[in-house]
Amino acid sequence: MRQPAIAPASALTSHAEAALPRLYGPEKVAAVLGCSAWWVKDRARRRLIPFTRVGRAYRFSDDHLAEIIRMHEERPVRTPQRPGTPAPPRKPRARQQPDTTVPTVRLKARPPRRTTKPQYGTAA
């Protein structure tokens, strides 16, 4: 009986490595994002950013990193305007004067407890 040919171990690992995503630790993700590793771990712990958990460690793939960047992206707010129409003039904000009708109350501090009781008792 002939035994089936088995592929060498190096061929299996190179194919398997190509199919698996590369995972990065919180320190590398923090370096890319320009924040602290604590921030990355805290957000992952609170389930605010995508991650993979291997054992007790947080790991992030390239897709996770791209999604984190998209989640925290901010775009300028644009108001729809017709071409050729000038923007409406803005009114200058009027400064608000502080409300002086509220009476002020002067607070009085209590004496500390240590001075109300003798600390060491009476001398004999």
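User: How many salt bridges does a search of the whole structure find?

Analyst: Side chains of opposite charge can pair when their charged atoms come close. The search finds four salt bridges here, each defined as a side-chain nitrogen of Lys or Arg within 4 Å of a carboxyl oxygen of Asp or Glu. A word on the source: this is a predicted model, where local features need pLDDT of at least 70, side-chain atom pairs count only at pLDDT 80 or more, and totals for chains, interfaces and linings use all residues. Residues are numbered from 1 along each chain as its sequence is written, and side-chain values use heavy atoms, leaving out hydrogens and water.

User: Which residues are linked in a network of salt bridges?

Analyst: That network links D42, R45 and R46. D42 meets R45 at 2.4 Å, N to O, and R46 at 3.4 Å, N to O.

User: Is D42 buried or exposed?

Analyst: D42 is buried, at 10% relative accessibility, while R46 is partly exposed at 42%. Buried means under 20% relative accessible area, exposed over 50%, and partly exposed in between (1.4 Å probe, protein chains only).

User: Now the helix: which residues of α2 are buried?

Analyst: In α2 (residues 26-33), they are P26, V29 and A30. Helices (H or I, at least four residues) and strands (E, at least two) are DSSP runs, numbered from the N terminus. Seen down the axis, the buried residues of α2 fall within an arc of 100 degrees, so they line one face of the helix; the arc is that of the directions from the helix axis to the C-beta atoms. On the other side of α2, K28, A31 and V32 are exposed.
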